[in-house]
Amino acid sequence: PPMKYEPQHFTAPDGTDMVVLTAEAYDRLRALADEAEEIVDARTARARIDRGEGTIPADVLNMMIDEQLHPIAAWRRYRGLSQAKLARCSGLSQVWISRIENGGGHGSRDTRRKLADALDAPLWALDEDFDG
């Protein structure tokens, strides 16, 4: 029969309470934590939909995942806009849009609002981590 292993508790020299457990137990806890994060993300997305904050079309999401495009670049392509056209529609410079799309800045909330309006996209969906 397999050995039963109980987690070991101790206090580190700096006073931190520590626990030693098996790799199997750790892996299970990590998997449960990941699952919990996915559930929270799904509930957050559902709440946004229920509040009428919009969704992300599958084509936009696929470009973000498959081509690793920044959300603004994916939405721009989805809408069939060049950076120059998006700049004209949003009142921003093409250089600034290029910089944001290439990870050189995020822009202020006002900048992202202008882009969201020009792209007819939810503001939260333009953030790389979707916590807009």
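**Close-up views of a predicted model**

**View 1. A hairpin joins strands β1 and β2.** Five residues lie between the two strands of this hairpin. The model shown here, as in every view, is predicted. Strand β1 covers residues 8–11, and strand β2 covers residues 17–20. The two strands pair in the antiparallel sense. Four bridges link β1 and β2. Take Phe-10 as an example: its bridge partner in β2 is Met-18.

**View 2. Helix α4 crosses helix α6.** Helix α4 runs through residues 83–90, and helix α6 through residues 109–119. Their axes come within 9 Å. The axes cross at roughly 110 degrees. Angles of 65 to 115 degrees count as roughly perpendicular, so that is how α4 and α6 lie to each other.

**View 3. Residues of α4 meet residues of α6.** From α4 come Leu-86, Cys-89 and Ser-90. From α6 come Lys-114, Leu-115, Ala-118 and Leu-119. By class, this contact has five nonpolar residues, one polar and one charged.

**View 4. The largest nonpolar core has 21 residues.** Six members touch the most other members: Ile-72, Trp-75, Leu-86, Leu-115, Leu-119 and Leu-126. Helices α2 (58–66), α3 (71–78), α4, α5 (94–101) and α6 each give two or more residues to this core.

**View 5. Leu-115 and the residues it touches.** Residues up to four places away in sequence are not counted here.

Technical notes. Residues numbered from 1 in each chain as written. Predicted model: local features only at pLDDT ≥ 70, side-chain atom pairs only at ≥ 80, totals over all residues. Heavy atoms only, no water. Axes fitted to C-alpha atoms, helices over the stretch in contact; angles between N-to-C directions. Parallel < 35°, antiparallel > 145°, perpendicular 65-115°, else oblique. Contact = heavy atoms within 4.5 Å. Nonpolar A, V, L, I, M, F, W, Y, C, P; charged D, E, K, R; others polar. Pairing = 2+ DSSP bridges. Core = buried A, V, L, I, M, F, W, Y, C linked by side-chain atoms within 4.5 Å. Buried < 20%, exposed > 50% of the residue type's maximum accessible area, 1.4 Å probe, protein only.
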